[in-house]
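Biologist: I have a model open and want to walk through it with you. Can we start with the ligand and then move on to the fold?

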Amino acid sequence: MFAECHFRAGRGNPRAWAHGNIADGGSTEYQRGDAARARGRGCCTWKGAAVARVELDGVGKRYPNGFEAVQAFSIDIQPGEFIVLVGPSGCGKSTTLRMVAGLESISTGELRIGDRRVNEAPPKDRDVAMVFQSYALYPHMTAFENMAFGLKLKKVPAAEIDRRVREVAAQLDITELLDRKPKQMSGGQRQRIAIGRAIVRAPKVFLFDEPLSNLDAKLRLQMRVELSKLHRALGATSLYVTHDQVEAMTLADRIVLLKGGVVQQIGPPLTLYNAPANAFVASFIGSPSMNLVPATLGEGGVQGAGFVFPRAAGAGAAGQAVLLGVRPEHLSLSVAGEGDLSATVEVVEPMGDESFVYCRREDGLWVVKTRGVVPPRPGDAVHLTVDRSRLHVFDAATEARL
Ligand SMILES: Nc1ncnc2c1ncn2[C@@H]1O[C@H](COP(=O)(O)OP(=O)(O)OP(=O)(O)O)[C@@H](O)[C@H]1O
Ligand SMILES: [Mg+2]
């Protein structure tokens, strides 16, 4: 059974769907995947469906009004990889996804899915399924009919549609919703139907555009965990857009951070956290944001307002103007006693298990993440101690990591 083999067999059972995927333009999902596997490149099989490699080679988008929304975006996404696109509003995340889906034309560069150039291919020939923030369910259809719609268009026999929809529904725990129309369901339930609709099609690539952002915080967390489990079970190549850096950190094999249509860094979540390529990445990843203060490279290390921190390695010349970066969690705070930096508490945000303490110094506002202890109060004089092994240094002009 579909649901069973997904969960039990993980990525390894290419024949499980072999008998099921039929009438798909003359070639079954299984045959397509099998042929690609035989060629030994581009695709690998996923329970009888193909899981594709996706390559963006200098892909760019210039809208008719001349605005360049995405510039020379290159990434080689391996079959089964989960890629998360993050970045501020308007940075080109949805545009990139829509170009991969075929909903937006590509202005420059080449897009390959499973080693085939698809720049000119219509969406239906790309074998991708997209899940939107808005669910985009047909309001007059039941959940079952919504999930079945794409398969019906492909002329999959009714009995086969019924089998696939029910198996996916069982997997997503939405069987009892199948007879309901969208307006009779909550946001979270609708989003499950939308995800189920994508899964039944067994696409080569899943595209998600902020699928959880309409949900409340608790449901978001629950769906995030479920998506993660689902991805492990399906092993399908996925491109996932989000504003939420927790989603990005927890779901991604690799994160792509975009700013103004330009890729800032591509890497595993912890690489972006531990070694951000520039000050923008440094302040985008992590919450509260990394403290960044002006400093200068000198003989003794990085020196700034009342501090000199030795620096073991790194680029840069003596006298160079830099930004020193210290994450709030790499600072400790004491009221009495000593520290590297003296400061005055301005604002305290208690979060329950931890507190964010905003401290004023002559070089700016430093935020410290503290746990357990009773936080100080606004106006208190405090001392901050810096974890010297976790310092970040960026060029002040280019903001590149040194
Ligand atoms: N049809 C269009 N014509 C001109 N500019 C457009 C068009 N569609 C989008 N843009 C612009 O392209 C940029 C990228 O838009 P896009 O929708 O990809 O951003 P996004 O990263 O998905 O943002 P958000 O997080 O707000 O969804 C934005 O500045 C947007 O205003
Ligand atoms: Mg968007």
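Biologist: How do the residues of the shell around ligand 1 divide into nonpolar, polar and charged?

Modeller: The shell has 4 nonpolar, 8 polar and 1 charged residue. Keep in mind that this is a predicted model.

Biologist: How many residues surround ligand 1, and which are the closest?

Modeller: There are 13 residues around ligand 1. Tyr-63, Ala-69, Ser-89, Ser-94 and Thr-95 are the closest.

Biologist: Which helix gives the largest share of that shell?

Modeller: Helix α3, residues 93-101, with 3 residues.

Biologist: OK, helices next. At what angle do α4 and α5 pack?

Modeller: At about 130 degrees, and their axes are 10 Å apart. Helix α4 covers residues 143-153 and helix α5 covers residues 158-172. The two helices are therefore oblique to each other, since an angle has to be over 145 degrees to count as roughly antiparallel.

Biologist: Which residues of α4 and α5 meet there?

Modeller: From α4, Phe-144, Met-147, Ala-148, Leu-151 and Lys-152. From α5, they meet Ile-161, Arg-164, Val-165 and Val-168. By class, that contact has 7 nonpolar and 2 charged residues, with no polar ones.

Biologist: And the handedness: is the crossing of α4 with α5 left-handed or right-handed?

Modeller: Right-handed.

Biologist: α4 also packs on α6. What is the angle there?

Modeller: About 30 degrees, with the axes of α4 and α6 8 Å apart. Helix α6 is residues 187-200. That angle makes α4 roughly parallel to α6, because the cut-off for roughly parallel is under 35 degrees.

Biologist: Which residues does α4 use against α6?

Modeller: Ala-143, Asn-146, Met-147, Gly-150 and Leu-151. On the α6 side they meet Ile-193, Gly-196, Arg-197 and Val-200. The contact of α4 with α6 divides into 5 nonpolar, 3 polar and 1 charged residue. Met-147 and Leu-151 are listed in the contact with α5 and also in the contact with α6.

Biologist: What about the handedness of α4 on α6?

Modeller: α4 passes α6 in a right-handed crossing.

Biologist: Switching to sheets. What is the strand order in the open sheet of 6 strands?

Modeller: The order is β8-β9-β10-β5-β11-β12, and the pairing is mixed. The edge strands, each pairing on one side only, are β8 (128-132) and β12 (262-267). Neighbouring strands of this sheet are turned by 15 degrees against each other on average, ignoring direction.

Biologist: In that sheet, do β9 and β10 pair in the parallel or antiparallel sense, and what is a bridge partner I can click on?

Modeller: β9 (residues 205-209) and β10 (residues 237-241) pair in the parallel sense over 5 bridges.

Biologist: How many bridges link β13 and β14?

Modeller: There are 3, in the antiparallel sense, between β13 (residues 291-298) and β14 (residues 301-304). Gly-298 has Gly-301 as its bridge partner in β14.

Biologist: Which strands does β18 pair with?

Modeller: Its partners include β21 (residues 381-386), antiparallel over 4 bridges, and β19 (residues 354-361), antiparallel over 6 bridges. Thr-344 has Ala-381 as its bridge partner in β21, while Val-348 stands opposite Val-357 in β19. β18 and β19 form a hairpin with 3 residues between them. Gly-352 in the turn has a positive phi of about 105 degrees.

Biologist: Which residue other than glycine has a positive phi?

Modeller: Asp-127 has one, with phi near 60 degrees. Asp-127 is in the loop between β7 (116-117) and β8.

Biologist: Why flag these at all?

Modeller: Because most residues other than glycine have a negative phi, and most peptide bonds are trans.

How values were computed: Residues are numbered from 1 along each chain as its sequence is written. Chains are lettered from A and ligands numbered from 1 in the order in which they are written. This is a predicted model: local features need pLDDT of at least 70, side-chain atom pairs count only at pLDDT 80 or more; totals for chains, interfaces and linings use all residues. A residue is near a molecule or strand if its C-beta atom, placed from the backbone, lies within 6 Å of it. Ala, Val, Leu, Ile, Met, Phe, Trp, Tyr, Cys and Pro count as nonpolar, Asp, Glu, Lys and Arg as charged, and the others, Gly among them, as polar. Axes are lines fitted to C-alpha atoms, for helices over the stretch in contact, and angles run from 0 to 180 degrees between N-to-C directions. Angles under 35 degrees count as roughly parallel, over 145 as roughly antiparallel, 65 to 115 as roughly perpendicular and the rest as oblique. A crossing is left-handed if the near helix is turned anticlockwise from the far one by less than a right angle, and right-handed if clockwise. Two residues are in contact if their C-beta atoms, placed from the backbone, lie within 7 Å. Two strands pair if DSSP finds at least two bridges between them.
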